[in-house]
Amino acid sequence: MSRVYVFDHPLIQHKLTFIRDKNTGTKEFRELVDEVATLMAYEITRDMPLEEVEIQTPVATCKSNVIAGKKVGLVPILRAGLGMVDGVLKLIPAAKVGHVGLYRDPETLQPVEYYVKLPSDVAERELIVIDPMLATGGSAVAAIEALKKRGAKNLKLMCLIAAPEGIKVIQDEHPDVDIFVAKVDEYLDDHGYIIPGLGDAGDRLYGTK
C-alpha cells in the first residue's frame, strides 16, 4: 500500500498557513507555493542513492558523495501543478519536465486526458507527479494511469494538501505510488472541496476566477 509522508517541518507549516489565508494575494501566494515546493523537494529526495567519488580540494585529495546518476522527471498536472515545478527545479535542475493535461467531463464528472508530453526515457526515470490539491483523487489517478500506460514504473505523488478520501483512492488504485504532502486536511465537502483547504489553487496562482 502507498505510504503517506506528511512534512511537519516548521518552515513548511508556517508558509502553508499564509497559503491558506484568503487575504494572501496572487503574487505572495505564488511565491509561497514556490518556496514550499523547494522545501518539499528537499524532503522528497531524501532516499536518493549516493556514490563515492574522489575530488581534489584546495588542500588535499578526498573522497566525497554525489547523487548516483538517478534520473528524475517532474510531471505537473495542468494547470495548478505548474506552480510547484520551479521550486523543485531549484534543487534538481537537471530534472526533465513532462506535462499531463486533464479536464473534468461536465456530464460524467470523470477526468478526461487532453494533453500528455513526457521525456522519451520515461521508463528509466523516477517521476514526481505534482498537483497542489489531492481532493477526490480522480485527476491524480488518471494522470498516474496515463504515465504508466506510457511506460513509467517509478512514481511518487507530491501535493500541498490532501483529503483523506483522495489518499484512500490513490492507495486503492495505485498502491505502488507513495504520497508526499504538507498537510492532510479534515474531509471533502459535498462539492468535492477540501476542508479547510485553500480554495482553488489554480485560480489563486494565476489570478483567475
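This is a predicted model: local features need pLDDT of at least 70, side-chain atom pairs count only at pLDDT 80 or more; totals for chains, interfaces and linings use all residues.
Residues are numbered from 1 along each chain as its sequence is written. Local features need pLDDT of at least 70 and side-chain atom pairs count only at pLDDT 80 or more, while totals for chains, interfaces and linings use all residues; side-chain values use heavy atoms, with hydrogens and water left out.

The UniProt record, an unreviewed entry, carries a "binding site" annotation on I194, G199, D200 and A201. Its positions are given in the numbering used here, feature names are shortened, and annotations may be inferred rather than shown by experiment. I194, G199, D200 and A201 also turn up in the lining of the largest pocket. A pocket here is an open set of points on a 1 Å grid over the protein atoms alone where a 1.4 Å probe fits, with protein on both sides within 12 Å along at least five of seven lines; lining residues have an atom within 4 Å of a point.

G199 sits in the loop that runs between β13 (194–195) and α6 (201–206), and D200 is in the loop between β13 and α6 as well. Helices (H or I, at least four residues) and strands (E, at least two) are DSSP runs, numbered from the N terminus. G199 counts as partly exposed because its relative accessible area is 45%, and D200, at 39%, is also partly exposed. The classes are buried under 20% relative accessible area, exposed over 50% and partly exposed in between (1.4 Å probe, protein chains only). The D200 side chain also reaches the backbone nitrogen of G202, at 3.0 Å.

Now for the rings. Phe, Tyr and Trp rings (for Trp, the six-membered one) pair if their centres lie within 6.5 Å; planes under 30 degrees apart are stacked, over 60 edge-to-face, and the rest tilted. The count by this rule is three aromatic pairs. One of them is the tilted pair of F7 and F180, at 6.1 Å centre to centre with 40 degrees between the planes. This pair links distant parts of the chain, 173 residues apart: F7 is in the loop between β1 (4–6) and α1 (10–20), and F180 is in strand β11 (residues 178–184). F7 is buried, at 7% relative accessible area, and F180 is buried too, at 6%. Y103 and Y114 make another tilted pair, with 6.3 Å between centres and 40 degrees between planes. Here Y103 belongs to strand β6 (residues 99–104) and Y114 to strand β7 (residues 111–117), eleven residues apart. Y103 is partly exposed at 42% relative accessibility, as is Y114 at 49%. Finally, Y5, F7 and F180 form one aromatic cluster.

Methods:
A polar contact is a pair of N or O atoms within 3.5 Å; within protein, one must be able to donate a hydrogen and the other to accept it, and residues adjacent in sequence count only if both atoms are side-chain atoms.
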